[in-house]
Amino acid sequence: MSSPAPEPETASGVRGFIASRMAFSELQLQQLEQMIRSTPWAWILAAMAGFLCYIEYADGPDGQRVRVWFVVYCVIVAVRMGIWLAWVFRPALRANLPALMLPVIAVTQLMAFSLGALSVLLRHDGPAQAEAILHITMVTVSLGGAIRMATIGRASYVYVAFILGPLVLRDMWFGGSYQMAMASIVSLIGVYTLLSARLLSSALHEIQAQRKRNAELVIALSAENERSSAARRTAEEAVAARMRFFASANHDLRQPLNAMALLAQTVHNVSTERHVKEMSEQLVACADGMTDVVDDLLDITRADAGSLSPQWSSFAIDELLAECCRPHQAVALAKGLRLDIDAGHVAVRSDRALLARVVTNLVANAIRYTREGQVRIGSRMADGRLRLSIEDTGIGIAAEHLPQVFEEFFQVDNPARDRRLGYGLGLATVKRLSELLDLRVTAHSVPGQGSVFELQLPLADAAGSERVHEAERSAASPSTTALAMRILLVDDDQSSLQALCGLLTSWGMDVRSASDVQGALGVLQTGFQPQTLVVDLRLGPQVSGIQAIEDLRLALGDAELPALIVTGDVGGDYLDAARAAGLPVIVKPVRPSHLRAFLGHVQALGR
C-alpha cells in the first residue's frame with residue numbers, strides 16, 4: 001500500500017509519528033494526495049495479495065486461522081477504501097489534507113502488521129507452490145510499501161519488519177534447507193528494500209528542493225524581465241560591491257605583508273651579521289611571493305570585471321627584469337638553478353606594474369617546474385617590437401596541454417594539488433594581463449626539454465626614452481645625499497607605521513610619525529618642518545590620505561610640498577582620486593628601491 005512522506009525527523013513508527021503531530025511539508029501533502037488518488041488500484045492489489053494467500057492455505061491444516069485472518073484483513077482493506085470514498089465525496093477533506101495523513105498511515109501500518117501476522121498463523125509448512133506465492137506476495141508488498149513510505153524516517157523500517165520479520169522467523173523455525181534458503185533471500189531483499197527506500201527519500205527531497213529553486217529562479221527571471229533597467233543597475237552595483245570587497249580584503253592582506261617586508265629590510269640595513277642579512281633577504285622575498293598571490297587573485301577579478309585600466313609609461317626593460325627576478329634568486333639558488341638575464345638596455349612603453357606581474361609570474365612558474373639547468377630571460381628586436389622570452393629547462397608541457405595552461409587552477413604534473421607547486425593562478429593572470437597590455441603572449445614547449453614563453457612589447461618613443469634616462473640619472477645619485485631629509489609619516493596601521501619609520505631611520509633620516517591627521521597637525525605644532533610627506537591612502541572609514549595631504553600643506557603654507565601616497569589598494573575611487581590629484585603612489589608592500597627613487601626625486605627638486 002502507499003503511504004505519505006513526512007519529514008525525516010519523524011519519530012520511529014506510527015506511534016511516534018502520531019504523537020509528534022508534526023507540521024506537514026508541501027512534499028508530504030503532494031504525496032498524500034497522490035496516494036489517495038491511487039487508492040482504487042492499491043485496494044485491488046492489496047485484495048488480490050490477501051486472496052492469493054487465502055486460497056493457497058485455506059484448505060490446509062491452518063485453514064481455520066487463515067479464514068479468520070482473511071476476514072480481518074478484508075476489514076482493514078475496506079477501511080482503507082472507506083478513507084478514499086470520504087475523500088472523494090467530502091470536499092472539506094480534500095481541502096484539509098493534513099487531517100487524512102494520520103489515518104492513512106495508521107491503516108497502512110496496520111495492513112503490514114496483519115500480513116506479518118499471517119506468517120505467525122501458518123504453523124505448518126505448505127506445498128512448494130503455496131510457499132512460493134506466500135514469499136513472493138510478502139516481498140512484493142513490503143517492497144512497494146516501503147518505497148512509498150521512504151520519507152517517513154524509520155516508519156519504513158517498521159513496515160518492512162512487520163511484514164518480513166515474522167516470515168523470516170517462520171522459515172528459520174522450520175529449519176529445512178529450502179526454508180533456510182528462503183529466509184536468506186528474504187533477508188537480503190529486506191535490506192535492499194530499506195536501502196532503496198533511503199536513496200529514494202534523499203532523491204525526493206532533492207527533487208523538491210530543486211523544484212523550489214527552479215520556482216524561485218522563474219520568479220526572479222520574470223521580475224528581471226519586468227524591471228530590466230533596475231536589474232542591470234543591481235548587477236552593476238553587485239560587481240562594484242564585489243570589487244570593493246576584494247579591494248578591502250586586498251588592503252587588509254597587504255598591511256601585515258608591508259610591515260613584514262619593511263621590518264626585514266630594516267634588519268638587513270642595520271645588521272652586520274652575514275647570516276642575518278641573508279635571512280632578512282629571504283624574508284623580503286617571501287613577503288614578495290605572498291604579495292604575488294594576492295595580486296594574482298585581485299588582477300584576475302578586476303580583469304574579468306573590466307575595471308583594470310593600464311597606466312602607460314616608459315621605462316627601461318632591464319631594470320624591470322632585475323627587479324622582478326630579485327625575489328626569486330634565493331629560490332633558484334636553493335634548487336641549484338641558474339637564473340640569467342640577457343636583455344639590453346631598451347626603453348619600452350607599457351604599464352610597469354602590470355608588466356612586472358606578468359614577468360614575475362612567468363619567472364616563478366619556470367623556476368617551480370625546473371628541477372635542474374637554468375631559467376633564462378632574453379630579448380631581441382623584431383618587427384619594431386621587443387620580444388622578451390622566458391626560457392627554462394624544466395619538465396615541459398605536452399602539446400595537448402598547451403591550450404589549457406592559461407586556465408585557472410590548471411597545473412601540469414601536479415595531480416595531487418601540492419600547494420608547494422602553486423595554486424594554478426599565475427599563468428591565468430599572465431593571460432588576462434597580456435590581453436590587456438597587448439603583449440601577444442605565446443608558449444612553446446617540448447616535454448622533458450623545457451618551455452619558452454614569449455612576450456611582445458612596444459618600444460618607447462624618443463621622448464619617452466629621454467625621460468627614462470633622466471629618471472635613471474636622478475636615481476643614480478648617491479643615496480647618502482638624501483639621508484638628511486625630514487619626513488612626516490601618517491598611517492593608521494601601527495605595524496606599517498613602525499616598520500616604515502624604522503626603515504627610514506636606518507637610512508639616517510629625521511622621521512616623525514602620526515596615526516591620523518590630528519596627530520600629524522600636532523607634530524607640526526611642535527615646530528617640525530618636513531621636506532616631504534608619506535601618507536597612507538585610507539586613514540579610516542571616511543578619511544582620505546589625499547585630504548590629509550591638503551590639510552598638512554595648508555597648515556605649513558606650502559601647497560607644493562612633495563607628498564607620496566602609500567596604499568594597500570590597487571584600484572578603487574580613492575586610488576583614482578590620488579592619481580588625478582597628481583600624487584605619486586606606491587602600492588604596499590613598499591619596495592625600498594621605489595621609496596628611495598621618490599626621495600631622490602624630492603631632493604633633486606631642491607627641497
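This is a predicted model: local features need pLDDT of at least 70, side-chain atom pairs count only at pLDDT 80 or more; totals for chains, interfaces and linings use all residues.
A crossing of two helices is called left-handed if the near helix is turned anticlockwise from the far one by less than a right angle, and right-handed if the turn is clockwise.

Helix α7 (residues 128-148) is a handy place to start. Against helix α9 (residues 177-226), α7 packs at an angle of about 15°, and the two axes are 9 Å apart. That angle makes α7 roughly parallel to α9, and the crossing of the two is right-handed. On the α7 side, the contact takes in Ala-128, Glu-131, Ala-132, His-135, Val-139, Ser-142, Leu-143, Ala-146 and Ile-147. These meet Tyr-178, Met-182, Val-186, Ile-189, Thr-193, Ser-196, Ala-197 and Leu-200 of α9. Sorted by class, the contact of α7 with α9 has 12 nonpolar residues, four polar ones and one charged one.

Helix α7 also packs with helix α3 (residues 39-57), here at an angle of about 160° and with the axes 10 Å apart. Angles over 145 degrees count as roughly antiparallel, and α3 and α7 are therefore roughly antiparallel to each other. Their crossing is left-handed. From α3, the contact draws on Ala-49, Leu-52, Cys-53, Glu-56 and Tyr-57. From α7 come Gln-129, Ala-130, Glu-131, Ile-133, Leu-134, Thr-137 and Val-141. The residues of this contact split into eight nonpolar, two polar and two charged. Glu-131 turns up here in the contact with α3, and also in the contact with α9.

Another pair is made by helix α4 (residues 63-89) and helix α6 (residues 98-121), which pack at about 165° with axes 10 Å apart. The two are therefore roughly antiparallel, and α4 passes α6 in a left-handed crossing. What α4 brings to the contact is Arg-65, Val-66, Trp-69, Tyr-73, Ile-76, Val-77, Val-79, Arg-80, Ile-83 and Trp-87. On the α6 side there are Leu-100, Pro-103, Val-104, Val-107, Leu-110, Met-111, Ser-114, Leu-115, Leu-118 and Leu-121. By class, the contact of α4 with α6 comes to 17 nonpolar residues, one polar and two charged.

A search of the whole structure turns up seven aromatic pairs. Trp-69 and Tyr-73 form a stacked one, at 5.1 Å centre to centre and with 20° between the planes. They sit four residues apart in α4, so about one helical turn separates them.

Strand β2 (residues 338-342) runs parallel to strand β4 (residues 374-382), and five bridges join them. Within this pairing, Asp-340 has Arg-376 of β4 as its bridge partner, while Ile-341 stands opposite Ile-377 in β4.

Strand β5 (residues 385-392) runs antiparallel to β4, with eight bridges joining the two. Gly-378 is partnered there by Ser-389 of β5. β4 and β5 form a hairpin with two residues between them, and Asp-383 in the turn has a positive phi of about 55°.

A second open sheet, also of five strands, has the order β9-β8-β10-β11-β12 and parallel pairing. Its edge strands are β9 (510-514) and β12 (585-587), each pairing on one side only. Neighbouring strands here are turned by 20° against each other on average, direction ignored. Strand β10 (residues 532-536) pairs with strand β11 (residues 563-567) in the parallel sense over four bridges, and Asp-536 stands opposite Val-566 in β11. Helix α19 (residues 545-556) lies across β8 (486-490), β10 and β11, at about 150° to β10.

Note on methods:
Residues are numbered from 1 along each chain as its sequence is written. Side-chain values use heavy atoms; hydrogens and water are left out. Two strands pair if DSSP finds at least two bridges between them. Axes are lines fitted to C-alpha atoms, for helices over the stretch in contact, and angles run from 0 to 180 degrees between N-to-C directions. Contact means heavy atoms within 4.5 Å. Angles under 35 degrees count as roughly parallel, over 145 as roughly antiparallel, 65 to 115 as roughly perpendicular and the rest as oblique. Ala, Val, Leu, Ile, Met, Phe, Trp, Tyr, Cys and Pro count as nonpolar, Asp, Glu, Lys and Arg as charged, and the others, Gly among them, as polar. Rings of Phe, Tyr and Trp (its six-membered ring) pair if their centres lie within 6.5 Å; planes under 30 degrees apart count as stacked, over 60 as edge-to-face and the rest as tilted.
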